[in-house]
Amino acid sequence: MAQMKYFYELTISSSPHIHGPVTTKTIMRDVLIALTPALLGSVYFFGLRALLVMLVSVAACVFFEWGYCRVTKTNCKIYDLSAAVTGVLLAFVCPPTIPIWTILIGDFFAIILVKALFGGIGRNIVNPALAARAFLFSYPVLMTHWTDPGLQNILWIPDAVSSATPLASMHQGVLPENVTVLDMFLGNIGGCIGETSVLLLLIGFIYLLIRKVVHLRIPLAFIGTVAALTFLFPMGNDRLTWMAAQLCSGGLMLGAMFMATDYVTSPVTKLGQVVFGIGCGVLTVVIRYFGGYPEGVSYAILIMNCCVVLLDRIGRPKKFGAPQKEKGVAKA
């Protein structure tokens, strides 16, 4: 009887091989849901112009990722929603008055130069949205043209409407007289599209915590460091008021809760995550106090993104069964 031979084709991908219900798409979907309160708040505070900027940014990011895949003939994964998240976050850190052509340049920079050329999702070394924001400061006037909330009830914002943010006043060591800490917490201040309302950002962050998408280590270390340093070294009169104003102004909450916690550009070890958050907090305060630009969250996170490879060495667990090195015993 002839011996029968069976051939099976087995495709093995990179580890880990454990399957579960959590995918890139579900994580990105949860992030978009968490950003929805701040998105709706931005429309309430800044009008339909903010919504237009976000829609254009999302559409452009998805288009650029699709176009790159078509040109390079690689597998297109725009359905994983990662490009949409990048588009929303980039719009969130831009003023509502930003011209459409400017946000398109930022989208191209984020998707093509920061994400795609490094190998796509999971391989970029810095946060794409923050890198694009830093690049867009090549146009400093366009990126620092703020408007007061409540004045934008039409689609287009007049160029004559402008105001300073509370953080710009605090950069000079003076607390703003016409803005309270409660206004900063609620979002009734001028600023970027999605970073003004701490309350709405907290609602979204709590949702991510419930869904177990993010952990508290990086945000607590980040925010706690800024709180401690601004309380110990206030530039205003009242320590508590100065600290609260620093925490509620600028992009601190958005950066700490939604950008510093990015899986790809943050450490994987617990101790590394704590050090990462502390480093972000220290750099943020240093830039705010001594830098020429009043905000330092974006640059602090980008700098710490470059240190993730080193931070992953901190707190790395020992290999199971690995031999223990005896101290003080010379090897033969």
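1. Let's start with the second largest pocket, which holds about 400 Å³ of space. Of the 17 residues that line this pocket, Lys212, Val213, Val214, His215 and Tyr263 are the closest to its centre. Two elements, α1 and α10 (217-232), each give two or more residues to the lining. Helix α1 provides the largest share, with three residues. Sorted by class, the lining of the second largest pocket comprises nine nonpolar, five polar and three charged residues. Please keep in mind throughout that this is a predicted model.

2. Helix α1 covers residues 24-46 and helix α2 covers residues 48-72; they pack with their axes 6 Å apart, at an angle of about 140°. Angles over 145 degrees would count as roughly antiparallel. The two helices, α1 and α2, are therefore oblique to each other.

3. Which residues make the contact between α1 and α2? On the α1 side they are Leu39, Ser42, Val43 and Phe46. Their partners in α2 are Leu48, Arg49, Ala50, Leu51 and Met54. By class, the contact of α1 with α2 has seven nonpolar residues, one polar and one charged.

4. Now to the cavities. How many cavities of 30 Å³ or more does a search of the whole structure find? The search finds two. The largest cavity contains about 50 Å³ of space. Its lining consists of Val93, Leu130, Arg133, Glu195, Gly251, Gly255, Met259, Glu295, Val297 and Ser298. Helices α5 (128-136), α12 and α14 (297-305) are the elements that each contribute two or more residues to this lining. The lining of the largest cavity divides by class into four nonpolar, three polar and three charged residues.

5. Is α12, residues 252-259, enclosed or open? Eight of its eight residues are buried, so α12 is largely enclosed by the rest of the structure. The buried residues are Leu252, Met253, Leu254, Gly255, Ala256, Met257, Phe258 and Met259.

6. Leu167, Met170, His171, Met235, Gln246, Arg288, Tyr289 and Pro294 form its lining. The elements giving two or more residues here are α7 (166-170) and α13 (270-290). The class count for the lining of the second largest cavity is five nonpolar, two polar and one charged.

7. Finally, a word on Ala245, which sits in helix α11, residues 239-248. Is Ala245 buried or exposed? With a relative accessible area of 1%, Ala245 is buried; the cut-off for buried is under 20%. Leaving aside residues up to four places away in sequence, Ala245 touches Met170, Leu175, Val181 and Met184. One of these, Met170, is also a lining residue of the second largest cavity. Along the chain, Ala245 and Pro166 are 79 residues apart, yet their C-alpha atoms are separated by 8.4 Å.

Terms used. Residues are numbered from 1 along each chain as its sequence is written. This is a predicted model: local features need pLDDT of at least 70, side-chain atom pairs count only at pLDDT 80 or more; totals for chains, interfaces and linings use all residues. Side-chain values use heavy atoms; hydrogens and water are left out. Axes are lines fitted to C-alpha atoms, for helices over the stretch in contact, and angles run from 0 to 180 degrees between N-to-C directions. Helices (H or I, at least four residues) and strands (E, at least two) are DSSP runs, numbered from the N terminus. Angles under 35 degrees count as roughly parallel, over 145 as roughly antiparallel, 65 to 115 as roughly perpendicular and the rest as oblique. Contact means heavy atoms within 4.5 Å. Ala, Val, Leu, Ile, Met, Phe, Trp, Tyr, Cys and Pro count as nonpolar, Asp, Glu, Lys and Arg as charged, and the others, Gly among them, as polar. Buried means under 20% relative accessible area, exposed over 50%, partly exposed in between (1.4 Å probe, protein chains only). On a 1 Å grid over the protein atoms alone, a cavity is a set of points where a 1.4 Å probe fits but cannot get out, and a pocket is an open set with protein on both sides within 12 Å along at least five of seven lines; lining residues have an atom within 4 Å of a point. Grid points are joined across faces, edges and corners, and a volume is the space filled by probe spheres set on the points.
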